[in-house]
Amino acid sequence: MGLAIAYIIIAIYSFALLLIFFYSLAQLNLLINYLGYKKRNEEAPKFNLLDPKEIPFVTIQLPIYNEEYVMERLLENIAKIEYPKSKLEIQVLDDSTDDSVVETARWVEELQETGLDIQHIRRENRKGYKAGALKEGLEIAKGDFIAIFDADFLPEADWLKKTVPYFKDEEIGVVQTRWGHINRDYSTLTRIQAFALDAHFTLEQVGRNSKGHFINFNGTAGIWRKECIFDAGNWEGDTLTEDLDLSYRAQLKNWKFKYLEDVETPAELPVVISAARSQQFRWNKGGAENFRKTVWSVITSKNIPFKTKFHGVMHLLNSSMFLCVFTVALLSIPMLYIKNTYGHLGWVFEVTSFFILSTIILFVCYWFTYKSIQGSSFDNFVDYIKLFFTFFSVALGFSLHNSVAVLEGHLGKRSEFVRTPKFNINSIKDTWKGNKYLTTKLSPNMILEFALMIYFLFGMYSAIPLNDYGLFPFHLMLFLGFGFVFFKSITSKA
């Protein structure tokens, strides 16, 4: 390996580590915001829903596409929402292309017979995907406020009573609630998904919202002021995360978002890795697409402070961190050989302390969010340590898959909105076997993930002849992570 190539590898490796370090510092700042906010007791002006004159009209939108396994559960749950029937309508925005349409129509008719104002709305095509369905439903929506629930969400009966009152403040455009997980303990996969989502819905959403920084509507389990949607330019289907897109356009128009950590909306997590892969791909590619679309507007905005711009840019770059992590992982083995070939470059490896420090910062941040939901006992801390490193390993295993998504997003490559299959999994006894929406095929990414598993096995072996075990734990986590993702992908068959 030539010295010039060694310097190039060191430069790229160090730059990626530095970006990860800046990301961890941003997370640490959010933790400080989060802990400070938890000490405050804030009370906003609220609608009095006991006064008929103050009760606003609400439309609930249920965007669905081929949801055979969860439609009955969804509609039964939504029918239990406690709100005056004269001030509530429900739109079932059904873009389905399978036999579930017939059953959905039958269930909707049965609910109509109970006096519920519920409509089964069909489109001729899926133009704009979910964004297109929401936009078309909005054209005929009666409500001044629009609540949105994906098919796998099960809001409590008093959900509207807990969220609608905050719109008394006319500057609030969105109220978002925290996602819960009805099948958190189903498997290792569901536990680590819940772990990551809990960090987002505590540390990030509260940390940003408490200081007036931009947050995002999470696509579901939230409610919009209709006027805000129109003022921000309405739903657009040019990114895979239409929720993040509209959120930023609304906040750039000075609308405020209210996040309610204490209002939990239960939902079902994907239990098969192919479903988690499609969801991760959409979220990460959509994040990169929104960075391309929105970041310049955030940077050049004259009506938001510098710190809000900084957190906005870091927020839009969230998914791009996978690209940094994958770069560091890929170059770590060449770096190991550079260190042992060019002794005079040994000082360069002090930059690896950035990675260690970044990991420690994230470990501390995630502990505070974990204990806020699970409790802070010693047993919970032990469970947290095991879960953190399991999560870390699997996140590393997803880094190739998610990096491809991020690169496609940054390069402007368009792709279809691929829905996440739902399973109606409520407990560990339930099974996903036979789900007709699952597809299993060996993709190029999966073959590369197997190759990377072998690559990092070689990285661990390299520590022996080089007598350098500094990167051994990192390569072990990469080996386990890529192995987990690959073997789960090829064995998860419907």
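Which residues of α10 are buried? The structure is a predicted model, in which local features need pLDDT of at least 70, side-chain atom pairs count only at pLDDT 80 or more, and totals for chains, interfaces and linings use all residues. Residues are numbered from 1 along each chain as its sequence is written, and side-chain values use heavy atoms, with hydrogens and water left out. The buried residues of α10 are T308, K309, H311, G312, V313, M314, H315 and L316. Buried means under 20% relative accessible area, exposed over 50%, and partly exposed in between (1.4 Å probe, protein chains only). Helix α10 spans residues 306-316 and is largely enclosed by the rest of the structure, because 8 of its 11 residues are buried. Helices (H or I, at least four residues) and strands (E, at least two) are DSSP runs, numbered from the N terminus.

The domain assignment of the chain gives domain 1 (1-36 + 316-492) and domain 2 (45-308). Such bounds come from an automatic or database assignment. The C-alpha centres of the two domains lie 29 Å apart. Across the boundary, 70 residues of domain 1 are in contact (heavy atoms within 4.5 Å) with 67 residues of domain 2.

T202 lies in helix α6 (residues 188-209). It counts as buried, at 0% relative accessibility. A polar atom of the T202 side chain lies 2.5 Å from the backbone oxygen of D198. Beyond neighbours within four places in sequence, T202 contacts Y34, R178, G207, E261, T369, S372 and I373.

The structure holds 23 salt bridges. A salt bridge is a side-chain nitrogen of Lys or Arg within 4 Å of a carboxyl oxygen of Asp or Glu. E54 and K168 form one of them, at 3.5 Å from N to O. This pair links distant parts of the chain, 114 residues apart: E54 sits in the loop between α1 (3-38) and β1 (58-64), K168 in the loop between α5 (159-163) and β5 (172-181). E54 is partly exposed at 22%, and K168 is partly exposed at 36%. K256 pairs with E171, the closest N and O atoms being 2.7 Å apart. Here strand β7 (residues 256-267) supplies K256, the loop between α5 and β5 supplies E171, and 85 residues separate the two.

Within helix α13 (residues 378-397), D383 and K386 are 3 residues apart, so about one helical turn separates them. Their side chains meet in a salt bridge at 3.8 Å, N to O. D383 is partly exposed at 34%, whereas K386 is exposed at 52%. Elsewhere, E236, D238, D245, R249 and K293 are linked in a salt-bridge network.

Note on methods
A polar contact is a pair of N or O atoms within 3.5 Å; within protein, one must be able to donate a hydrogen and the other to accept it, and residues adjacent in sequence count only if both atoms are side-chain atoms.
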